[in-house]
Amino acid sequence: MTDSISADWERRVAAAWASLDDHTEDEFVRLIGELAAELPADSAVGLFERACAWDSTGHSDRAVPLYRQALETGLTGIRRRRAVIQMSSSLRNIGQAQESVALLTAERAAGSDELDDAVAATLALALVDVGREREAVSVAVAALAPHLPRYQRSMANYARLLVA
């Protein structure tokens, strides 16, 4: 399903997220829930926003099923990528790091955008949790290398050699 979301709704959701620290956990989850309820019941975006609210208030266990539903319902665009990253982080938090590694490895191969470094950082954490520390450092250094004012080539080579 493709959600038809108004600019006003997007603005109100952005304002709610900007006010996260002004609310108790319960208030914030309720606020996002009310906004999501303005969308159709099977809205992938509504499911995603609810998942994010649970996740951001420390409830990874409640967020994961909603992320899964949002993705299965056809979440698209940048929210789809965010859902994969955030669900993978939540999976890690609830002891399912191996699934997190699998999802993020696939996500790295799926394309490139402004969230590449977030994918890499989350993958590095998940790799540590599954005992693949050298690979985790390699992923982290490779993601950091392009942002360095110098030594990009050396760091990229070091990252590659860690797992060669």
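Helices here are DSSP runs of H or I with at least four residues, numbered from the N terminus. This is a predicted model.

I'll start with helix α5, residues 77–93, which contains Arg81. Is Arg81 buried or exposed? The cut-off for buried is under 20% relative accessible area. Arg81 has 4% relative accessibility, so Arg81 counts as buried. Its side chain makes a polar contact with the side chain of Asp116, at 2.9 Å. Beyond the neighbours within four places in sequence, Arg81 touches Glu107, Gly111, Ser112, Asp113, Leu115, Asp116 and Val119.

Next, helix α3. It has 13 residues and spans 18 Å from first C-alpha to last, close to the 18 Å expected at 1.5 Å a residue. At its start, a side-chain oxygen of Ser43 comes to within 3.3 Å of the backbone nitrogen of Val45. After α3 comes Gly58, with a positive phi near 85°.

Ten of the 13 residues of α3 are buried, so the helix is largely enclosed by the rest of the structure. Among them are Leu47, Phe48, Glu49 and Asp55. The cover over these buried residues includes α1, α2, α4 and α5.

Now the packing of α3 with α1. Two packed helices are described by the angle between their axes and the distance between the axes. For α1, residues 7–18, and α3, residues 44–56, the axes come within 12 Å and cross at roughly 5°. Angles under 35 degrees count as roughly parallel, so α1 is roughly parallel to α3. On the α1 side the contact is made by Trp9, Val13 and Trp17; on the α3 side, by Val45, Glu49, Cys52, Ala53 and Ser56. By class, that is six nonpolar, one polar and one charged residues.

How values were computed. Residues are numbered from 1 along each chain as its sequence is written. This is a predicted model: local features need pLDDT of at least 70, side-chain atom pairs count only at pLDDT 80 or more; totals for chains, interfaces and linings use all residues. Side-chain values use heavy atoms; hydrogens and water are left out. Axes are lines fitted to C-alpha atoms, for helices over the stretch in contact, and angles run from 0 to 180 degrees between N-to-C directions. Helices (H or I, at least four residues) and strands (E, at least two) are DSSP runs, numbered from the N terminus. Angles under 35 degrees count as roughly parallel, over 145 as roughly antiparallel, 65 to 115 as roughly perpendicular and the rest as oblique. Contact means heavy atoms within 4.5 Å. Ala, Val, Leu, Ile, Met, Phe, Trp, Tyr, Cys and Pro count as nonpolar, Asp, Glu, Lys and Arg as charged, and the others, Gly among them, as polar. Buried means under 20% relative accessible area, exposed over 50%, partly exposed in between (1.4 Å probe, protein chains only). A polar contact is a pair of N or O atoms within 3.5 Å; within protein, one must be able to donate a hydrogen and the other to accept it, and residues adjacent in sequence count only if both atoms are side-chain atoms. The expected span of a helix is 1.5 Å times one less than its number of residues.
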